[in-house]
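Please read the points below alongside the model, taking them in order.

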Number of protein chains: 2
Amino acid sequence: MSNVTEVSADLAKIVGAEHVLPGSTAHYLHDATEARGLLGFADCVVLPETVEQVAEVMRCCYERSIPIVPRGGGTGFAGGCVPQGGVVLSLERLTKVRAFDPFSWKMHVEAGVPTGRVHRLARENGLIFPPDPGAAEQSQIGGNIATNAGGPHAFKYGVTGAWVTGLEVVLPPGNIVEFGGPFRKDVAGYDLKSLMIGSEGTLGIVTAAWLKLLPAPECALPVIACYADAASGCGALERVLGSGLVPAALEYLDAGTIAASGGAFPWPLPEQAGFMVIAEADGTRAEAEALCEELREALGEDALELYSPSARETEPFWRWRHGVSIAVEAALGGKLSEDIVVPFEHVGRAIAATVELGDRYDLPALSWGHAGDGNLHATFLLAPDDTAALERADAAARELFALAVELGGSVSGEHGIGLVKRDALSSLADGTVRSLYAEIKDIFDPAGLLNPGKKL
Amino acid sequence: MSNVTEVSADLAKIVGAEHVLPGSTAHYLHDATEARGLLGFADCVVLPETVEQVAEVMRCCYERSIPIVPRGGGTGFAGGCVPQGGVVLSLERLTKVRAFDPFSWKMHVEAGVPTGRVHRLARENGLIFPPDPGAAEQSQIGGNIATNAGGPHAFKYGVTGAWVTGLEVVLPPGNIVEFGGPFRKDVAGYDLKSLMIGSEGTLGIVTAAWLKLLPAPECALPVIACYADAASGCGALERVLGSGLVPAALEYLDAGTIAASGGAFPWPLPEQAGFMVIAEADGTRAEAEALCEELREALGEDALELYSPSARETEPFWRWRHGVSIAVEAALGGKLSEDIVVPFEHVGRAIAATVELGDRYDLPALSWGHAGDGNLHATFLLAPDDTAALERADAAARELFALAVELGGSVSGEHGIGLVKRDALSSLADGTVRSLYAEIKDIFDPAGLLNPGKKL
């Protein structure tokens, strides 16, 4: 205890006493895995305001061998920021936009800037920052970088990492370094920027990023199609790719997901709807309209119903889509949700396997996600206190991971490994690769104090 | 000598005697840096046919502490494959297309497949592999990955790494591993795939890659504009980005480059032409035509001449553009050519600085390159035997690197560090970052036998 008191006092000297909070401050002890009962504990919470303060905090903790758990918006799905003791270092006060040059399509932002603010700032200047993970208003750009977050539009535009050209990072024991910068190509040195992206705060703490932006498409036109079952829906997905169409997003919802979230869908749904495909055409108006027509044709075959929201209806529609995860959770009050990836041609098999696993483990099972990227949010529904169901869901998830690997895929597309998928990672990677991970961790964080217990 | 005889005999047992060549075989001792007089030497050359043979060759060399120099098509501009002794391991016989699924836009190819063959195979199936480095017919996909090669169309589509979803790699002392695979998103583990891309054969030997493809745009329409000087040309470049136009390529040639290569330009050039901008609009015919018109408008202001090649003229035009490097070299018989990167807003300054350096060091100086990506091929012309000029060019290049870094850029966008830019790298990266590079090299290649003397 006195150790905690001491470190709190030292941290208060760095950031000011009002920016050191008790370790019991509930807000900093969970992320979106709360729905499966994950709750952490911490010695204290520290809120630095500058990169220099982050470096000093790290130095202070490193000297005392105290673990540091970096935290963004706390919207993760893998427990990556859920502390298991030590100091929670929240980046929420690093909120400066250090530079923004709309004419050369780039922005320099600190890690704590909410992703939604990046989106708006770009938009107000005729540009977009394409990555659109679910909780853009709550999540922060630093957290998105730490998990290499995706979202529906990653199909055409790629994940967060594709839009990061440079990082400022604090490395143990407290060194501030830059990887990349405000330039678009770089093959000097090894690609430590990419190594840092998706490393979930286990190698260093991202404090700022140079983001690449893109002129905003003039318009975006979603096309939504309902089918009787997954087989006909997956046939439609294959027709889109097979026809060489490139929508900005290509999403799906299975029968269970429609049942859980369809009540808030903006239009009436056919009663027999057992599968939904969402595609979006973007570009100039003429381009988007032409592609929209082609998408309607490819998706229309076998469809029970086709929807083409007007420009005015598009935003409410995507709001509904981003709310699917919450709607699904509301059904029983809790869920265990994974985000496996498979090669596109195996999406249908992975969707069916999720339902079969649910049957076998006596759990309501469903999935939705980014079909074009082969990225499924395979989910088992739970009542919050049903520990027996949680155990069954864990076992079902292990089988799901094995299936993803067997199909030539991976255990996480955009959520990361965090605390909850470490077993999956060890089954995925072979011994040589696992050793490399451990040796790399050891180079960056020799004392193992950065987000311990996560990722590896 | 007996050591060389012994290892040759052992390698012959692995790959067959006819696939072990004498170390003096001229073809394997140089790359495109030959024009500045760089010539290597080797103990022998080995040509394995399979990944298993690559692993056995590596094991054999590693056991005997003999350096291994992996080699693709030998078209590099940094001496990355120029041996300084040891065994040259050429990937030229690993030429299988292991899988190709046009319907899910992906291809699995071995490292020795020429990039041009990847392009054609994709094209014949309505798809493209977008990266288009200069020597696509000579270079191999493995070499493109080792340098993270770019090209004109990297402006819209990104460099080689953006299109690689998985790698098969042989790591010292002879382990075959996979990083990534036939899937489009992955945040399990650390991103060792990206670490390998651009590592110039110093961490492992890439033997195969999963490539992501894209439906081919229906048409591509170049717009070429000539200006009196660099200032008006750079103004035009800024108008393109400032207007929010997204061409597939955005290139430039300065006055010296036009003088050296303009003779073969497919159309008459205005006598006063002192700067050229090349943009290309692609997409459906309607899209490309609309964008082409907007590009003509943005580029037309201040232009001496505007060209819009017909569909038939487009291929010969790009052939000319890809030949610029050779034409420039022909002027005096040799050149020292760098590929610095600067933030887009500093392109004009870097172009002018190259010419000023030439004046100061009494060398003909010119540049051309990928303006949209801020990637300049800054070049000093040399007679092949003029060692005094080569020394002056080296000194000028060092100043150029310092300028790139001062402007917030990097010393290499797409060529790599190889043998010839190692000094530049040490001036670029700070001590902490350089230590990380060395420690990472040490993890992957503890005996330091993989392409020694390169990159670091």
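1. Chain A contains 15 helices and 18 strands, where helices (H or I, at least four residues) and strands (E, at least two) are DSSP runs, numbered from the N terminus.

2. This is a predicted model, in which local features need pLDDT of at least 70, side-chain atom pairs count only at pLDDT 80 or more, and totals for chains, interfaces and linings use all residues. Residues are numbered from 1 along each chain as its sequence is written, chains are lettered from A and ligands numbered from 1 in the order in which they are written, and side-chain values use heavy atoms, with hydrogens and water left out.

3. For chain A the mean pLDDT (the predictor's confidence in each residue, from 0 to 100) is 95, and 100% of the residues reach 70 or more; the model as a whole scores ipTM 0.96 and pTM 0.97.

4. The radius of gyration of chain A, 22 Å, agrees with the value near 23 Å of a compact globule, because that is what 456 residues would give; the radius is taken over C-alpha atoms, and the globule rule is 2.2 Å times the number of residues to the power 0.38. Along its principal axes, the C-alpha trace of chain A spans about 65 × 55 × 40 Å.

5. Of the 456 residues in chain A, 61% are buried, that is, under 20% relative accessible area (1.4 Å probe, protein chains only). Among contacts (heavy atoms within 4.5 Å) in chain A with a separation of 6 or more, 74% join residues 24 or more positions apart.

6. Leu192(B) touches Leu195(A), Val433(A), Leu436(A), Tyr437(A), Ile440(A) and Phe179(B), leaving aside residues up to four places away in sequence.

Definitions and conventions: Buried < 20%, exposed > 50% of the residue type's maximum accessible area, 1.4 Å probe, protein only.
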